[in-house]
Amino acid sequence: MHEEHVSVWDDLRDGWKAGPGRALLLAAAEARLFTRRPAAFDAFIVGYPGHLDLPAAHRAAGGRPVVFNPLVSLADTLVSDRGRFGPRSLPARLLEQIDRHAFRSADLVVADTHAHARFLAQLTGRADLAVCFVGAEERLFRPDWQPPAPFTALFVGKLIPLQGVETIIAAARLAAELPFRLVGSGQLAPLLRDRPANVEHVVWVEYERLPGELHHAGCALGIFGTTAKAQRVIPNKVFQALACGVPVVTADTPAARELLVDGESALLVPPGDPAQLADAVRRLAADGELARRIAAGGRAAYERGASEAVLGSRWRELIEGLL
């Protein structure tokens, strides 16, 4: 595999703050990609967030198949989920047009869950989307977990509506006897100003240190937001926690149910329900056998449905189907 990449977002932790200056960098990067000519290959894969990269990809592909793995709709993310633009605003309409053009121009579009594929098909008018889970980088995220003392509930992620940050903070208030560690920054960071004493906030942890954070946590927290998008996705951090063999607590959604079973491979709680979340965390903290069983079940679910071996085979099948 050969990668064609020009950095635009790599140094930006809070992408939601991107403005005109970043747009100029993006335009310059697209121009550079447009003129590149990769070595011999069979198919060209455009990943997240590559909605604007499709023209350059088609030029570079030279008639060979172009596969788009978007992970998100720009309009859904910036309008419906994060509220950056109003639903009837000019930017919202422009983002919808970018979504439709990107999806329709690829030879194959691969969504991350079946729930998300159904939504993206309705949004873009393209009904032939394939599905492949995100998975985790197994060179980093390996099983090495044992119930720690003291127990800590770990959250890692951008502080955006999808995550349900307010639900996690409220749950921490209810389970005041247990420590919570929140790693991340973003538009909802002001919610942490009045966090309870048992909530530690760390703005940033280097990516290579995330497995260590997971291995030393009592449980890993997924997403708990009540937005429509939260119903359709399984975030990276859930796959990473499962790969590390850490017990996971996350929202009970159609997407989560595609991989996980409540009480077997994760504890699934209603979205936006701090009482249920606090109860789930308390159960894992009080019952080491339950924590071990959920951890083992989650790792088994990962191996069956989202390991590199499984997803690699799935990607090979999809690409060979185009050749």
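Where is the place of histidine 215? Histidine 215 sits in helix α7, residues 210-215, where helices (H or I, at least four residues) and strands (E, at least two) are DSSP runs, numbered from the N terminus. Before I go on, please keep in mind that this is a predicted model, in which local features need pLDDT of at least 70 and side-chain atom pairs count only at pLDDT 80 or more, while totals for chains, interfaces and linings use all residues. Residues are numbered from 1 along each chain as its sequence is written, and side-chain values use heavy atoms, with hydrogens and water left out.

Let me stay with histidine 215, which has a relative accessible area of 16% and is therefore buried; buried means under 20% relative accessible area, exposed over 50%, and partly exposed in between, with a 1.4 Å probe and protein chains only. A polar atom of the histidine 215 side chain lies 2.7 Å from the backbone oxygen of arginine 142, a polar contact being a pair of N or O atoms within 3.5 Å, where within protein one must be able to donate a hydrogen and the other to accept it, and residues adjacent in sequence count only if both atoms are side-chain atoms. If we leave aside neighbours within four places in sequence, histidine 215 is in contact (heavy atoms within 4.5 Å) with Arg142, Pro143, Asp144, Trp145, Gln146 and Cys244.

How many salt bridges does the structure hold? There are ten, and one of them joins the side chains of arginine 126 and aspartate 128 at 2.7 Å, N to O. Here arginine 126 is buried, at 10% relative accessible area, whereas aspartate 128, at 45%, counts as partly exposed.

In one of them, the rings of phenylalanine 68 and phenylalanine 103 have centres 5.6 Å apart and planes at 80°, so the pair is edge-to-face. This pair links distant parts of the chain, since phenylalanine 68 belongs to strand β2 (residues 66-68) and phenylalanine 103 to helix α4, 35 residues apart, and both phenylalanine 68 and phenylalanine 103 are buried.

Finally, helix α5 (residues 114-124) has several buried residues, among them His116, Phe119 and Leu120. The elements covering the buried residues of α5 include α3 (74-81), α4 (90-105) and β3 (108-111). The charged end of arginine 232 sits over the ring of phenylalanine 119, 3.6 Å from its centre, which by definition requires NZ of Lys or CZ of Arg within 6 Å of the ring centre and within 35 degrees of the ring normal. After α5 comes glycine 125, whose phi is positive, near 75°.

Definitions and conventions: Phe/Tyr/Trp six-rings, centres within 6.5 Å; stacked < 30°, edge-to-face > 60°. Salt bridge = Lys/Arg side-chain N within 4 Å of Asp/Glu carboxyl O.
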